[in-house]
Amino acid sequence: MAIPVIDFSRLDGDERAAALAEIAAGFEEWGFFQLVNTGIPDELLERVKKVCNDCYKLREEGFNGSNPAVKALAALVEQEGEGLAPRKVQGMDWEDVFTLHDNLPWPSIPPTFKETMMEYRTELKKLAEKMLGVMEELLGLEEGQITKVFSKDGDFEPFYGTKVSHYPPCPRPEMVDGLRAHTDAGGLILLFQDDRVGGLQVLGRDGRWADVQPVENAIVINTGDQIEVMSNGRYKSAWHRVLATRDGNRRSIASFYNPARAATIAPAIPAAADSGPGGDYPSFSFGDYMEVYIKQKFQDKEPRFAAAAAIKNMVD
């Protein structure tokens with residue numbers, strides 16, 4: 001089953017109600033959907049593709065020569081050749097990755113990388129803030145309420161970072177994960193993924209993995225764990241993963257609009273009537289949650305919620 005593709009421009013016309021309903025369904029049924037006609041110029045998106053591809057070319061030798069997953073896979077393949085049973089690489093991902101943040105050093109080569117990516121991040125941040133406004137409308141929250149929580153009543157800036165990843169061709173994709181299955185820790189995630197090479201999958205509510213199909217110049221939207229808490233389980237963060245592939249070098253540019261670490265995250269709406277005996281989600285500090293998440297990223301999220309709440313209760 002295909003992940004929903006929604007025309008974002010319909011929010012500004014006579015079809016706004018229908019577009020809102022599609023977005024609500026995307027949040028509730030998948031936790032993932034794709035936006036087209038976002039208002040981000042195609043010309044800018046094409047430049048982003050080029051500078052990120054050019055940047056990886058400069059990193060490729062380092063990936064092949066020193067990435068731990070490459071070394072681990074080579075060792076397992078050698079053992080297989082010696083007659084041992086095939087095994088899968090554990091605890092590693094077939095991913096080349098670096099992060100972008102305004103307060104961190106940026107790659108200086110190619111020369112246009114920083115200028116292009118700063119322009120892109122500015123446009124994407126605008127889209128993120130629009131999407132938070134849509135979410136507030138759908139959840140019946142006051143305008144600006146999510147940003148107010150994320151910024152701890154305006155005392156801090158919400159965190160906004162970008163992760164640039166490539167998943168190079170893998171000689172034995174059945175023996176290693178591109179990126180292990182996980183949910184995202186933060187708030188709203190906006191992904192500009194490769195429009196030719198697939199591999200991203202999301203776990204559907206039916207327990208089956210579904211491809212997030214490449215769509216040219218679309219922005220993939222998904223919600224993180226903090227939105228699940230704020231929506232009291234209505235908008236659940238979705239498990240997702242990346243498959244290693246034998247052919248193609250998949251590009252992935254994920255931007256994260258997250259709470260400030262000092263922000264307190266708590267349900268903003270009542271629990272649904274059919275939410276079960278657990279009732280409301282707990283409240284905790286996002287900074288405490290991140291300390292737990294770093295150690296338990298690839299494990300179930302419910303124990304992370306409980307652990308972060310326990311830290312808050314100890315402090316209180």
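Reader: What follows helix α1, and what is the phi there?
Author: Gly-31 follows α1, with a positive phi near 80°. This is a predicted model: local features need pLDDT of at least 70, side-chain atom pairs count only at pLDDT 80 or more, and totals for chains, interfaces and linings use all residues. Residues are numbered from 1 along each chain as its sequence is written, and side-chain values use heavy atoms, without hydrogens and water.

Reader: What makes α1 a helix here, and what span should it have?
Author: Helices are DSSP runs of H or I with at least four residues, and strands are runs of E with at least two. Helix α1 holds 15 residues, 16–30. The expected span is 1.5 Å times one less than the number of residues. That gives 21 Å, and the end C-alpha atoms are 21 Å apart, so the two agree.

Reader: Which residues of α1 are buried, and what covers them?
Author: Buried means under 20% relative accessible area (exposed is over 50%, partly exposed in between; 1.4 Å probe, protein chains only). Ala-19, Leu-20, Ile-23, Ala-24, Gly-26, Phe-27 and Trp-30 are buried. Their cover includes β1, β2, α4, β7, β8 and β9.

Reader: What makes a set of residues a nonpolar core?
Author: Its members are buried Ala, Val, Leu, Ile, Met, Phe, Trp, Tyr and Cys, joined through side-chain atoms within 4.5 Å. The largest such core has 60 residues, and Met-117, Tyr-120 and Met-131 have the most contacts inside it. Helix α4 gives the most, twelve residues. A second, separate core of 16 residues includes Ile-3, Trp-30, Tyr-167 and Phe-256.

Reader: Why is the pair of Tyr-120 and Phe-192 called what it is?
Author: Rings of Phe, Tyr and Trp (its six-membered ring) pair if their centres lie within 6.5 Å; planes under 30 degrees apart are stacked, over 60 edge-to-face, the rest tilted. These centres are 6.1 Å apart and the planes meet at 35°, so the pair is tilted. Tyr-120 lies in α4 and Phe-192 in strand β6, 72 residues apart.

Reader: What kind of aromatic pair do Phe-284 and Phe-305 form?
Author: A stacked one: 6.1 Å centre to centre, 15° between the planes. Phe-284 is in strand β13 and Phe-305 in helix α8. Both are buried.

Reader: How do you know where the charge of Arg-241 sits?
Author: The rule asks for NZ of Lys or CZ of Arg within 6 Å of the ring centre and within 35 degrees of the ring normal. The charged end of Arg-241 is over the ring of Trp-209, 4.1 Å from its centre. Arg-180 lies over the face of Phe-298, at 3.8 Å.

Definitions and conventions:
Contact = heavy atoms within 4.5 Å.
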